[in-house]
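Biologist: I have a new model to look through with you. Shall we take it piece by piece?

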Amino acid sequence: MLEILNVVVRLFTWGFSLYRWLKKREEFMLLLSIALWIDFLAAFTQQPILTCLGLSPDATALMPLLSMFAVIEAVLLITTSFFVLERLKMFWGALTVAISSLLGPAYILAGVLLNVSPTVLMAFPLLFLGIALMLAGYALVKEEVGTKNIATLFPLGLFLLGIINVTYPITIRTSVAPYLYGLGAVFRAMVFVGMVGYALFHVVPPKSISVNLPPGAFYVESRRALKILITLVPIRSLEL
């Protein structure tokens with residue numbers, strides 16, 4: 001039952017993220033909705049979920065697929081985070097995305113060719129995904145969602161899921177693994193509830209600051225800074 005609920009929660013989380021993008025046309029939400037779709041598809045590479053659905057594919061074929069889904073989702077989440085933090089156009093931000101896109105699939109290919117154990121094959125992709133989830137949670141709280149509404153559960157749940165994924169190489173063979181699986185279900189429920197709040201209800205923007213700006217021209221390096229400047233500068237000073 002928990003496995004089926006896992007699939008349903010992933011599906012509806014993606015659905016509400018897509019609704020938010022269609023409603024607001026926010027660029028980062030398009031990337032995020034694609035990442036959540038990949039997350040939904042990844043559910044069908046997990047043996048307990050497939051067993052619950054009455055399916056029994058070759059387990060050895062599932063691990064590379066699950067690893068690749070994890071890498072794709074991680075790259076999308078990192079791209080989303082850098083976009084939200086306005087770091088994507090910077091050299092190191094673009095370089096990080098490029099290197100991640102290259103090394104992730106290369107690691108999986110090398111693992112399959114060398115016939116490594118499933119634990120080793122999944123070690124880097126899940127560690128990478130965990131870091132990406134934590135970064136996405138941080139970026140969304142800092143720049144988009146804030147901390148004073150129910151939508152905060154969405155990035156907070158992502159961050160906590162990231163912590164679980166980061167611990168995978170250490171905890172997978174221990175007695176705490178089943179408990180972490182249960183915690184993961186709780187954190188996914190948090191993501192779902194927060195996404196519903198984010199998609200359906202208005203998120204109150206942070207209060208603007210009142211400052212005295214000197215007359216003259218201004219140079220900014222980002223659209224976010226330009227929007228803030230426009231809200232601060234009197235309308236008459238923008239007239240030609």
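Biologist: In which helix is Thr119 found?

Modeller: Helices here are DSSP runs (H or I, at least four residues), numbered from the N terminus. This is a predicted model, so local features need pLDDT of at least 70 and side-chain atom pairs count only at pLDDT 80 or more, while totals for chains, interfaces and linings use all residues. Residues are numbered from 1 along each chain as its sequence is written, and side-chain values use heavy atoms, without hydrogens and water. Thr119 falls within residues 118-145, the span of helix α6.

Biologist: Is Thr119 buried or exposed?

Modeller: Buried means under 20% relative accessible area, exposed over 50%, and partly exposed in between (1.4 Å probe, protein chains only). Thr119 has a relative accessible area of 18%, so this residue is buried.

Biologist: Which residues is Thr119 in contact with, leaving aside neighbours within four places in sequence?

Modeller: Contact means heavy atoms within 4.5 Å. With those neighbours set aside, the partners of Thr119 are Tyr168, Ile172 and Arg173.

Biologist: How far apart are the end C-alpha atoms of α1?

Modeller: The expected span of a helix is 1.5 Å times one less than its number of residues. α1 has 23 residues, so it should span 33 Å. The model agrees: the end C-alpha atoms are apart by 33 Å.

Biologist: What covers the buried residues of α1?

Modeller: Several residues of α1 are buried, among them Val7, Phe16 and Arg20. Their cover includes α2, α3 and α9.

Biologist: How many aromatic pairs does the structure hold?

Modeller: Rings of Phe, Tyr and Trp (its six-membered ring) pair if their centres lie within 6.5 Å. Planes under 30 degrees apart count as stacked, over 60 as edge-to-face, and the rest as tilted. By that rule, the number of aromatic pairs is eight.

Biologist: What kind of pair do Trp14 and Trp37 form?

Modeller: Their rings are 4.7 Å apart, centre to centre. Trp14 lies in helix α1 and Trp37 in helix α2, so the pair ties together parts 23 residues apart in sequence. With 50 degrees between the planes, the pair is tilted.

Biologist: Is Trp37 buried or partly exposed?

Modeller: Trp37 has 30% relative accessibility. Therefore Trp37 counts as partly exposed.

Biologist: Which residues join Trp14 and Trp37 in a cluster?

Modeller: Ring pairs make the links in this cluster. Alongside Trp14 and Trp37, the cluster holds Phe40 and Phe44.

Key. Helix = DSSP H or I, 4+ residues; strand = E, 2+ residues; numbered from the N terminus.
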